[in-house]
Structure formats: C-alpha cells, structure tokens
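Please open the model in your viewer and keep the selection panel at hand. The tour goes from the whole chain to its cores and then to the ligand.

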Amino acid sequence: MDFRLSEEEEKLRQSVDAFVREELIPLEPEFETAPDIFEGSRWKSRAKLSRDPEIKRYLALMEELEKKAEARGLWYLDVPKEYGGLDVSNVAMIAVTEELEKTSVPFELGNHVSNILYNCKGEQIEKFLRPCIRGEKTSAFGLSEPASGADPSMLQTTATPDGDTFVINGTKMFPTFADVADFVQLFARLPGTKGREGVTCFLIDTGTPGYRVARSIATIAGTEPCELVFEDCRVHKSQVLGEVGNGWALNQAWLGARRFQVGIRSHGMSMRVLRAVASLVRDDDKEVGKCVERIGHFLGELEALRTLTYFGAWKADQKLDVRTEAANVKLFGTELVHTVIDFALEAAGPSALRKQNIIARAFRHARSHRIVEGPSEIQRHIIQRALFREGVALLELM
Ligand SMILES: Cc1cc2nc3c(=O)[nH]c(=O)nc-3n(C[C@H](O)[C@H](O)[C@H](O)COP(=O)(O)OP(=O)(O)OC[C@H]3O[C@@H](n4cnc5c(N)ncnc54)[C@H](O)[C@@H]3O)c2cc1C
C-alpha cells in the first residue's frame, strides 16, 4: 500500500500551494465580510443571477481568480481526458483540496460537475455534460423526499412508462439551488417496485411543463435547498441517465465519491479554527495552559482523519469497494470538526460568536455536514453492517 503522490501529482500540489499563497490568502481580509452566499460551496449559480452590487463585486473577484487559475492550468482537474481534463486521481484531488483548505477564501478549482453525469451518452453529452464542464450550466441533485431522506430507498416519486416517454409524479425535498439550476438529476422509481429496485435517474430541464420549484429555503449553511413538485411531468426516454432501473447504483456512486472530499474539508476547517484559537491565546500563558492539552489531542485525531481520508481515496483509485471507508470518513470527519469548533467557541469566548467571525462561520457550516448526504446515524449503520456480516460468516463456520 502506497498512497504517496506521483512526481506529476506533487507538482500539481505545489502549484495549488503557490496559487493559495499568492492569490487567495491576500484576499482573506476582503472575504471576512463577504455576503453569506459566499460562505459555502456552489454559490456560483445563485451569485450569477443576483442584482445585489455587493454580490456582483465579489463575483467579479471570483471570476478574476478563475481566469488566473485557468491560466496556471488549475482547472478541469478531475475531468476525464476525453473531455479535455487532467483526470487526476482521487488521492491527488484530496491533496489539491487540502491545499485549498489552508485559506478561508471559499474558492474551488473547476466547475461543479456531478460525477454521475459522466454516464451521459449520445445527445446528452452536448446538452448536459459539456456545458456543465465549461461552467455554462449547473445541475441540482433530486434524491431526498419529504418521507425519504436518510433512507433514499424509500423514495416514492414515480416514473410511469408511456410509449417513448415517462410520466413523473412526486415531490423532492432539499435539492440545493434547484431554483437557479438549468436542470435536475431526478431519481424516481418504476411503478410497482420497492427498495433499491426500479430506481431510475432522469435529466430534466428547469421549466419543463409539470415541473415546478415550490420554494427555496435559506439555511444557516449559506446554501439554499428547494422543494420541487412534479405533476404529470412528461419526459422522453432519451432523458434517462444510464440505464432504466439502474439509478440506485448512480446515487451510491455520487455519494461514495464525495465522502473523501468531506473528510479533507473537515480536516482543513478544523485546522483553520484551531489556528484562530492559537493566535487568540498565544500571548496569554494562563489561557495557553488551559488549551494546549485539548489542542494536542485534536491534532492527533485530525492526523488520523487525514490518513483515513487519503487511505479511502487511494482505495477508490484502486477501484476497490470503499463503502465502509466512505462512511468512516464522513462520520469521523463531520463529528470531529463539530467537536473542534465547539471547543474553539469555548476557548475564544464571546467574540467568536460574532456572525462573521471565522469560528462562528465554521460552526454554521459544520452542523449541516452531519446531516446532508447521509446523517451520522446512517453512517454508523453502514459501518456496523460489515461486523454483523462477519458475525454471520463466523457462525456459518461453526
Ligand atoms: C442544506 C441542505 C442541503 C441539502 N441538499 C440536498 C441535495 O442537493 N439533494 C438531495 O437530494 N438532498 C439534499 N438534502 C437532504 C439531505 O440529504 C437530507 O436532509 C438527509 O439525508 C436527512 O434526511 P431527512 O432530512 O429526510 O431526515 P430523516 O430521514 O427524517 O432523518 C432525520 C434524522 O433522524 C435520524 N435517523 C434517520 N434514520 C435513522 C435510522 N435508521 N437510525 C437512527 N437514526 C435515524 C437522523 O438523525 C436524521 O438526521 C439537503 C439537506 C440540507 C439540510
């Protein structure tokens, strides 16, 4: 087992490190007072439509950064070579994010392309995939429903075949920024199926008759999930992503791949928060004395999280089953960052409760990470499953 970076990947990491130091860190004071929308990721689509002059000013800064990153060859990193990208490994993408996380400026390299869109075929490639890669279109992810969030196998939205079309009926809860997205990746089930069977993914343009954005919901995490309603929404069979009935595998592939990024982001956010505490108490011997032991403990745990994250990404690069590692990283990372921030608020005192303080900002984000893309309780279920399977196998041997 060896998850060190190759020579080429190490060069990429160094380029990102230079970009962070030269372009992003100098902008940190400017971003301390940025509008909430720039707190989380995926602000692009919402910010682009805004008429607020302050949001436009920050958007211009971001667009300038994007040009600089592209000029340095730091765009399209995880895009497959056949679509003009660098197709860097999962391990290298973790190293890239680790460098980006050294600054609080919420800048990401590349456009948000949902990884399952690489299953596009035929006309879908020009209509959906390439515009997303170029940043001309954005998509929303429509999986959760009012009665099925933590357990998506309970989803109730139906796709009833009718000739060359499917008729979609149901409600989706929380697809992020669906109100400003160009299309939604919508998961629905064939009539008469249950559990993981019959789940199918469709690519549906915003504005298709029968598809309505009922509301958008502002959250403490800066993102705005929506409620979507589908009433006899007719879509052509050419809008099926992948194969009919194969949607469960797509949804799992999307969730699995993202988990390792969640791990390294949790690591980066924790380190930034601990640095903020250290700089506050550094000159006060009494305060330092109170904090050092806990900070030392956290640094040990954070190194464990970092190693676990690299290990999971390495396993994913070997095309091995990473379901348990992905759950371990999601659970450990999102719980740990929350404990670190709670400590940081306590150590920094009331000043850290100011809305735009770096610790207060981190707190608002971190809480939602323990819920979205599968809450902690579900990760614990996934992790314990392996033990019980092992238990059954042992009993069978006796
Ligand atoms: C800001 C935000 C953005 C989101 N973006 C998206 C998106 O883009 N696309 C999308 O499809 N969804 C999105 N979601 C939905 C998110 O993935 C779900 O909220 C999450 O999976 C939990 O589902 P739920 O809200 O229905 O909670 P429920 O399923 O009702 O669960 C509520 C709580 O009950 C507990 N629980 C549930 N099941 C169990 C169990 N078996 N054992 C023990 N405890 C359990 C957990 O603590 C859980 O948090 C988003 C949510 C938020 C808040």
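This is a predicted model: local features need pLDDT of at least 70, side-chain atom pairs count only at pLDDT 80 or more; totals for chains, interfaces and linings use all residues.

**The whole protein**

Switch to a cartoon view, in which you can look for 11 helices and 8 strands. The radius of gyration is 22 Å, close to the 21 Å that the globule rule gives for 398 residues, so the protein is as compact as a globular protein of that length. If you draw a box along the principal axes, the C-alpha atoms fill roughly 75 × 70 × 45 Å, and buried residues make up 38% of the 398 residues.

**The largest nonpolar core**

Next, select Ile94, Val96, Val273, Val340, Ile341, Ala344 and Ile359, which touch the most other members of the largest nonpolar core, a set of 49 residues. Which elements give two or more residues to this core? Colour helix 1 (7-24), helix 5 (90-100), helix 7 (247-281), helix 8 (285-317), helix 9 (323-348) and helix 10 (358-369), and you will have them on screen. Helix 9 supplies the largest share, with 13 residues. Now colour by domain: because domain 1 (7-100) and domain 3 (249-394) both give residues to this core, it lies between them.

Stay here for a moment and centre the view on Ala344, which, leaving out residues up to four places away in sequence, touches Val273, Leu274, Ala276, Val277, Ala352 and Ile359.

**Another core**

Then move on to Ala140, Ile168, Phe187 and Val240, which are among the 40 residues of another core that lies apart from the largest one. As background to both stops, nonpolar side chains tend to be buried together in soluble globular proteins.

**Around the ligand**

Finally, select the ligand and the 20 residues that surround it, the closest being Gly149, Ala150, Phe174, Pro375 and Glu377. How many residues of this shell are nonpolar, polar and charged? Colouring by class shows 10 nonpolar, 8 polar and 2 charged residues. Return to the domain colours to finish, and you can see that domain 2 (139-245) and domain 3 (249-394) each contribute at least three residues to the shell around the ligand.

Note on methods
Residues are numbered from 1 along each chain as its sequence is written. A residue is near a molecule or strand if its C-beta atom, placed from the backbone, lies within 6 Å of it. Ala, Val, Leu, Ile, Met, Phe, Trp, Tyr, Cys and Pro count as nonpolar, Asp, Glu, Lys and Arg as charged, and the others, Gly among them, as polar. Domain bounds come from an automatic or database domain assignment. A nonpolar core is a set of buried Ala, Val, Leu, Ile, Met, Phe, Trp, Tyr and Cys residues joined through C-beta atoms within 7 Å. A residue is buried if 20 or more other C-beta atoms lie within 10 Å of its own, exposed if 12 or fewer, and partly exposed in between; C-beta atoms are placed from the backbone. Helices (H or I, at least four residues) and strands (E, at least two) are DSSP runs, numbered from the N terminus. Two residues are in contact if their C-beta atoms, placed from the backbone, lie within 7 Å. The radius of gyration is taken over C-alpha atoms; the globule rule is 2.2 Å times the number of residues to the power 0.38.
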